[in-house]
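Hello,

Here is the structure I promised to pass on. Have a look at it first, and then read on for what turned up.

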Amino acid sequence: MITLRNIKKSYFVGDRELPILKGIDLHIGKGEFVVLMGVSGSGKTTLMNIIGLLDKQTEGDYDFVDTSVDGLDDERLADMRNSYIGFVFQQFFLLPYLDAIENVLIPIVYSKKDIKHPRDKAKTLLGKFGLEQRIHNKPTQLSGGEQQRVAIARALINEPELILADEPTGALDSKTGNEIMDLFRMLNEEGKTIIVVTHDPKLASFGKRLVRIEDGAISEDIAT
Amino acid sequence: MRYTFAFYLRIALQNLVVHKARMTLALLGILFAVMSLVAFGNISNGMKKKIENEVGKFGKNLIIVRSGLVFATGRGARQFTEARTLKLKDARMIKESLPGVANVAPYFDVTYPARYKDKMLTVNIAGVDEGMFGMRNIDLVMGRHFTEEEDRKAEKKAVIGFKVFDNFFQSEDPIGKNIMVYRVPTEIIGVMGEKGTDFAGQDQDLQVYVPLNSFMRRYSNVDYIKGIYVQAQDGYSLISMKAALRSFIKKIHNTKPEQKDDFSIFTMEDILRTQEEGIRLVSVLTIIASTVSFLIGGLGIFAIMLLSISERKMEIGIRRVVGSKKRDIIIQFVSESVIVSLVGGIGGIVAGFFITIVVDIIGGFPIVFSMNIALALVISMAIGVLAGIYPAIEGTKYEPVKVLYS
């Protein structure tokens with residue numbers, strides 16, 4: 001599903017080159033549950049942005065769902081993100097003036113897929129996550145765990161193959177965090193490919209594979 | 001793209017509700033612009049309609065000749081007085097000799113109190129011949145006009161205006177009753193319908209018409225008249241008729257070229273032109289005012305949209321992440337700006353209609369709604385697009401990675 005070959009990424013500060021990723025080779029297959037671990041500044045977020053088609057590598061090749069995405073323009077990348085990837089962030093990024101169900105429906109606005117009865121589907125997803133009583137609540141009326149579950153429902157509404165989660169438990173207490181990780185495990189069992197990016201070693205046990213990033217390179221890649 | 005329009009509409013309306021004060025300020029410019037455009041369009045049409053109605057009431061193709069003011073010298077006092085040179089025979093000669101004249105109606109009028117039992121009322125007493133009734137569309141609600149024979153015999157009979165009847169008689173039958181005019185008992189033979197004020201500023205409901213001959217011999221002892229209504233035949237230009245009339249009267253009055261006219265001539269159109277010029281002037285001012293208002297309104301929306309976009313970086317970022325293209329962001333924010341502008345426009349139409357109704361009722365104009373509404377909405381939409389496009393393009397410059405990770 002994902003094949004990265006010798007991915008390098010540098011930023012330029014003035015005329016000084018600042019390498020962030022120093023040649024990443026990584027293959028992630030369909031149905032995997034990968035925890036991508038690294039400390040702050042290790043390059044894990046940059047790697048996630050490249051995998052999520054939000055950023056482009058400086059060097060190397062990236063094949064996503066078996067096609068090279070290196071030459072694609074912004075519009076095409078937006079379509080790919082919409083069709084194939086569900087994003088989950090530490091800060092949830094729910095729109096404050098929309099209620100839960102409308103937040104879930106945002107990707108549908110831009111969707112090229114023919115999702116049948118998206119409203120019913122959003123309701124089903126929220127119900128599945130224990131939010132049936134909360135579908136018309138605004139984000140401010142929801143707890144952190146509830147907001148993250150709304151965000152996960154939003155990531156799922158357009159039926160993507162890959163869920164890409166960046167520090168999904170970072171803003172939550174450990175009990176709620178574990179519940180969210182259990183939810184990812186359940187989604188993985190239903191066949192979704194999951195990548196969780198985190199600095200928190202406790203999350204490693206939830207995945208099936210651990211990839212550790214240190215100083216812009218992969219230092220460890222093991223099954224857990 | 002699904003849900004799109006309803007979705008953006010709801011976001012825009014929610015923004016309106018969430019940021020009430022700010023959005024109201026942004027709306028006000030557009031609201032005032034549309035309000036003045038709509039209100040003025042409606043009111044000026046109402047005024048024009050009223051003028052048309054009054055033309056109908058006044059009579060068709062009329063030219064009015066009035067005796068002029070002359071500078072009289074006498075017994076040490078020198079003063080302007082009314083010329084006494086306009087005579088009955090002038091009217092007769094105009095009718096007989098001037099081509100294009102359909103009819104003439106000489107008159108003599110004066111303001112004087114009339115009395116019935118113990119009630120007094122200041123009225124305008126006019127001696128006219130029976131032709132006047134037809135020329136000035138004077139319809140009666142009771143009784144009849146006087147006849148040529150009654151005029152010739154100088155009988156003391158009167159047709160009275162509606163207010164005169166209403167003040168003196170109320171529910172009494174006025175026909176055959178006598179009122180005192182100039183200390184002359186005068187029998188009422190007819191009552192006019194309500195007509196209101198005519199173009200010369202005369203309240204026609206306070207009018208008492210008596211036969212001209214009776215007036216000149218029995219009420220007042222005069223050998224001259226105050227004026228002549230001249231009705232042109234259809235198809236004759238009133239402007240050239242006016243000129244012809246002027247030189248004709250100068251000729252029969254033997255006015256020398258260097259001498260000032262002892263009469264004046266005006267037509268309905270002369271009065272109309274002044275009024276319509278007034279309306280046109282106000283209309284130009286209104287257009288200037290609403291243009292300025294539209295500009296201010298547009299700038300207001302522009303500023304609010306810029307602010308709104310910088311506040312909603314996160315929204316733009318997350319929308320871009322889940323698959324929105326730059327084009328979608330532009331469409332979203334431009335529709336928001338158009339919707340805000342349209343809400344202002346619709347508010348302006350409502351306010352404009354309200355003002356129209358109030359002004360028309362106070363001013364006594366017929367209530368007319370013009371088609372400025374469509375124009376106002378189109379302009380509002382255009383302002384919305386123009387004010388929203390630049391902020392929307394600015395919005396697309398926020399790259400999701402930078403916005404979400406800062």
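Let me begin with the packing. In the largest nonpolar core, which has 67 residues, the members that touch the most others are Leu36(A), Val104(A), Leu126(A), Ala153(A), Leu164(A), Ile195(A) and Val196(A). By nonpolar core I mean a set of buried Ala, Val, Leu, Ile, Met, Phe, Trp, Tyr and Cys residues joined through C-beta atoms within 7 Å. A residue is buried if 20 or more other C-beta atoms lie within 10 Å of its own, exposed if 12 or fewer, and partly exposed in between, with C-beta atoms placed from the backbone. Helix α3(A) gives the most to this core, with 7 residues. Helices (H or I, at least four residues) and strands (E, at least two) are DSSP runs, numbered from the N terminus. Leaving out residues up to four places away in sequence, Ile195(A) touches Ile28(A), Val34(A), Leu36(A), Ile51(A), Leu162(A) and Leu164(A). Another core, of 54 residues, lies apart from the largest one and includes Phe146(B), Phe169(B), Met192(B) and Phe215(B).

A note on what you are looking at: this is a predicted model, in which local features need pLDDT of at least 70 and side-chain atom pairs count only at pLDDT 80 or more, while totals for chains, interfaces and linings use all residues. Residues are numbered from 1 along each chain as its sequence is written, and chains are lettered from A and ligands numbered from 1 in the order in which they are written. The model scores ipTM 0.93 and pTM 0.71. Chain B averages a pLDDT (the predictor's confidence in each residue, from 0 to 100) of 85, and 95% of its residues score at least 70.

Now the interface. Contact here means that the C-beta atoms of two residues, placed from the backbone, lie within 7 Å. By that rule, 20 residues of chain A are in contact with 21 residues of chain B. On the chain A side, α1 (44–51), α2 (74–84), β6 (85–89) and α3 (100–109) each supply at least two residues, and α2(A) gives the most, with 5 residues. Sorted by class, this side of chain A has 12 nonpolar, 4 polar and 4 charged residues. Here Ala, Val, Leu, Ile, Met, Phe, Trp, Tyr, Cys and Pro count as nonpolar, Asp, Glu, Lys and Arg as charged, and the others, Gly among them, as polar.

Chain B is divided into domain 1 (4–54 + 273–404) and domain 2 (69–261), with bounds that come from an automatic or database domain assignment. The C-alpha centres of these two domains lie 56 Å apart. In chain B you will also find helix α11 (residues 326–363), whose 38 residues reach 54 Å from first C-alpha to last, close to the 56 Å expected at 1.5 Å a residue (1.5 Å times one less than the number of residues). Just after α11(B), Gly364(B) takes a positive phi of about 70 degrees.

Which residues other than glycine have a positive phi too? Val65(A) has phi near 35 degrees, and Phe92(A) has phi near 65 degrees. Val65(A) is in the loop between β4 (59–64) and β5 (67–68) of chain A, and is partly exposed, with 15 other C-beta atoms within 10 Å. Phe92(A) lies in the loop between β6 and α3 of chain A, and is buried, with 22 other C-beta atoms within 10 Å.

Best wishes
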